[in-house]
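Biologist: Hello! Could you walk me through this model, one topic at a time?

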Protein chains: 2
Amino acid sequence: MGGHKLEGLKDRVDGSEPWFRENLRTLVEHPTISPGKTDDAPIVAGAEAAREIMAAAGASAEIVECSGTPSVLGRFAHPDPVARIVVYNHLDVQPADPERWQQADPFKMEVEAHPDRDWIYKGRGTTDDKGPGLCALRAASWAHEAGLPIDISVLWETEEEIGSPNFAEVVQARREQLACDAVIVSDTIWPSDAQPAISTGLRGSLQAMIRLRTAGKHAHSGLVGGAARNPVRELAAIATAIDGARFWHEGVVPPSKDELDGFMRSGFDIEYFKSAHDLHRLETDVPLEVMLRIWARPTFEVHGIAGGHMGAGLKTIVPDHAELKISFRLVPTQDARALGEALTRFVHALDPDVEVEVSGYLEPYQGPTAGSVHDAIVAGMTEATGRTPVNVREGGSIGAVPVLADVLGVPVHFLPLSLPEHGYHAPNERFDWAQARVGMVSFARVFDHLAAG
Amino acid sequence: MGGHKLEGLKDRVDGSEPWFRENLRTLVEHPTISPGKTDDAPIVAGAEAAREIMAAAGASAEIVECSGTPSVLGRFAHPDPVARIVVYNHLDVQPADPERWQQADPFKMEVEAHPDRDWIYKGRGTTDDKGPGLCALRAASWAHEAGLPIDISVLWETEEEIGSPNFAEVVQARREQLACDAVIVSDTIWPSDAQPAISTGLRGSLQAMIRLRTAGKHAHSGLVGGAARNPVRELAAIATAIDGARFWHEGVVPPSKDELDGFMRSGFDIEYFKSAHDLHRLETDVPLEVMLRIWARPTFEVHGIAGGHMGAGLKTIVPDHAELKISFRLVPTQDARALGEALTRFVHALDPDVEVEVSGYLEPYQGPTAGSVHDAIVAGMTEATGRTPVNVREGGSIGAVPVLADVLGVPVHFLPLSLPEHGYHAPNERFDWAQARVGMVSFARVFDHLAAG
């Protein structure tokens, strides 16, 4: 591998903090919120800023349009590559309610010195997923400048947080330029800051709205209570019935002994997990049971029940309608579309008056745990951290992953850089320079290894 | 009875529409909302307007202060009464969201001509309970002017819609002036506009908030789903468990054969009931079963479940807390305080982490179905409508009723004037001149009969 190895990597990384900070600030300060958006302009502007950052880093960069908001593609081509890699990240972010944040504006990045992490970068999108995207871009630009015989494409989507509904169009449209040996995705986490980890599977998800209207207006419970149907009470019963049902456990295959071994060595710690997510109590306090529940088993969540009186206090109304907002997470070997059909059948068997709208599917994904790209990631992360990463799974869902695997016909690997306390989708989201360094070193070494053939 | 009978009652009533309309407008245009109020001023102003209306009608009228907002007491005294009657009404009203009303401002009364009902008076409080209060006041003033040997007090509360928390103070403070043979309350309905009815029992109620906090902030279901507790899902299960439990059915005594006979003759009509309350479907379409459910059986309602994502769309969060807003209606022979304790025990047996706050009790009430006051009400309503009223029950709760019965030690009777389509607590509340006429004639004849000894 020696002939192609990037020289002076430590100095390159050490000198990159100002570059990283300023470009992260530029990206964070574009409020590229995709869930519930009514205006594409902030995302379009954020995508253009990203294209300029890619171009300044030496990529041939372009906006790729689709039926939704566009993606940004940066290419670092080599005339005679021995390897071709696509690195996927996303530019869109979750909404951020300033009232729940310590900083005044989640879209004004704040930087704080930290004894262990060097610098903390605070703001929506710092860790999910703008910071990790910049780490890969920086390493790709070094590989390109050094003339390593590797083709690297960086592809940044803008609809990941809404399930990547149009991303297949993007990948189809640039299928030729994106032809590659493997895709690498950084949009996942280590269970512990003390133990680097590689995700080898993603949960899928299925979202649904279950609605019931029983009246044209709210009624007075003294006048109609007992005879009138109560849609909030009825949908609560449907949620309870789903929670106890078997249909969403169909098709689950328990993890292998090797996988369980990786889980046990992941450094997962109950107290750290609770503290990172601000959880007061868990369903169980047995660590392996928690890991199985978040990575290797499906889950059913009720996100909210709208309808009736949702404000302060109590009004003795019989509500006129209700909407149950639910989702499932599915594990590899389960099928999201089949689950959607089973849900609809289950609910209609309980009550045919209820409307079931399945509003989003993301298929689960099982990635490779061996091969040259996996080995390069293990080697890169080992060099960057001094510790050998373990294989774990990811409890979240990334709609783009099955799309990339299917359309490009290649495996998708993970090179996670985020930590639980960075706060995916949560208030006070942050990223830090210690993890950014790991990202730059790891990606640089992955490119080194793959360019060495 | 002849010697004391009011002369020219038909002419008196026919000439009273302008008086009724203008005074109802004055009362409606004071927005005397008690639930959730942050400012007493509108109620205090409404009470003063009511006092002036009583005084103009010939009563000695005063504001009666208490720990909450005040009541208004008007006395029509006779030096040598053969009967003493207190008529109770309330001045406070439910909130009114203008977006759900046809009229621009629910607190600007609108009047519309109607072929059957003569005039329709539209606005919050017209039927619940300002219009009926004015009917009794008008009849009392005639009895007084005519020198009938009867003491009549009209007592208008301003905290009925919040469960009359301070009304016992008012009644205690004026216990001497309020000493009487019976109380009459108009704050209930006829099941059908075709059949006058007398309520002989009220359901009680118990309100509670059930709360669970499991985290300090919302978490991402991909990261924690399966291990984190989901408080909306858990409170939905608690609601479902309560719905199926027996504890809130304890102490129910089925109605007597005579009561069932009254129910059957009440003119209750399923289609009319559904249309009046804008209900699309009921729990049952058997009329007697509906009447039993709304009048003679307890009910459990879920008014809303706050927590999680309650707006449009779906967010894949695991909520950090939830609040289940529930109430029960209880029937006579059940005990609201005992039910509150049973609820707390039941919920804590399911989950000791859950907080149960019982926020309001109203005891049920069983009124008399015989005696001179009952007979006078039957006779008055028969003369006013040409039809003999039947005995039914009321599904709602009036906190003031058990207070009046207990403190004054007398029976509380009902002389209902409202119709289902008048919309108690609903948008587009209304009252009508046809029912106001029935009220004036009925009360005048009740006073006649009682003054005759």
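Modeller: Gladly, and a definition comes before anything else: helices (H or I, at least four residues) and strands (E, at least two) are DSSP runs, numbered from the N terminus. This is a predicted model, in which local features need pLDDT of at least 70, side-chain atom pairs count only at pLDDT 80 or more, and totals for chains, interfaces and linings use all residues. Residues are numbered from 1 along each chain as its sequence is written, chains are lettered from A and ligands numbered from 1 in the order in which they are written, and side-chain values use heavy atoms, with hydrogens and water left out.

Biologist: Thanks! In which strand is the place of Asp118(A)?

Modeller: Asp118(A) is not a glycine, yet its phi is positive, near 70 degrees. Its relative accessibility is 34%, so it counts as partly exposed; buried means under 20% relative accessible area, exposed over 50%, and partly exposed in between (1.4 Å probe, protein chains only). The residue sits in chain A, in strand β5 (residues 118-122).

Biologist: Ser164(B) also has a positive phi. Is Ser164(B) buried or partly exposed?

Modeller: Phi of Ser164(B) is about 55 degrees, and this residue is not a glycine either. Ser164(B) is in the loop between β6 (150-157) and α5 (167-173) of chain B. With 6% relative accessibility, Ser164(B) counts as buried.

Biologist: Which residue does a cis peptide bond join to Asp128(A)?

Modeller: Omega of this bond is about 20 degrees.

Biologist: How are the two chains related, and by what rotation?

Modeller: Copies are superposed by least squares on the C-alpha atoms of residues with pLDDT of at least 70 in both. Chain B falls on chain A with an RMSD of 0.1 Å and a shift of 0.1 Å along the axis. That is the relation of a two-fold axis, and the rotation is 180 degrees.

Biologist: Which residue of chain B comes closest to the rotation axis?

Modeller: The distance is taken at the C-alpha, and here it is 2.3 Å. The residue is Ala236(B).

Biologist: Last one: how much area is buried between chain B and chain A?

Modeller: Contact means heavy atoms within 4.5 Å, and 78 residues of chain B are in contact with 78 residues of chain A. Leu223(B), Arg233(B) and His303(B) supply 11% of the area that chain B buries against chain A, more than any other three residues. Buried area is the accessible area (1.4 Å probe) that two parts lose on being put together, summed over both. Carbon and sulfur atoms give 55% of the total, which is about 6,800 Å².
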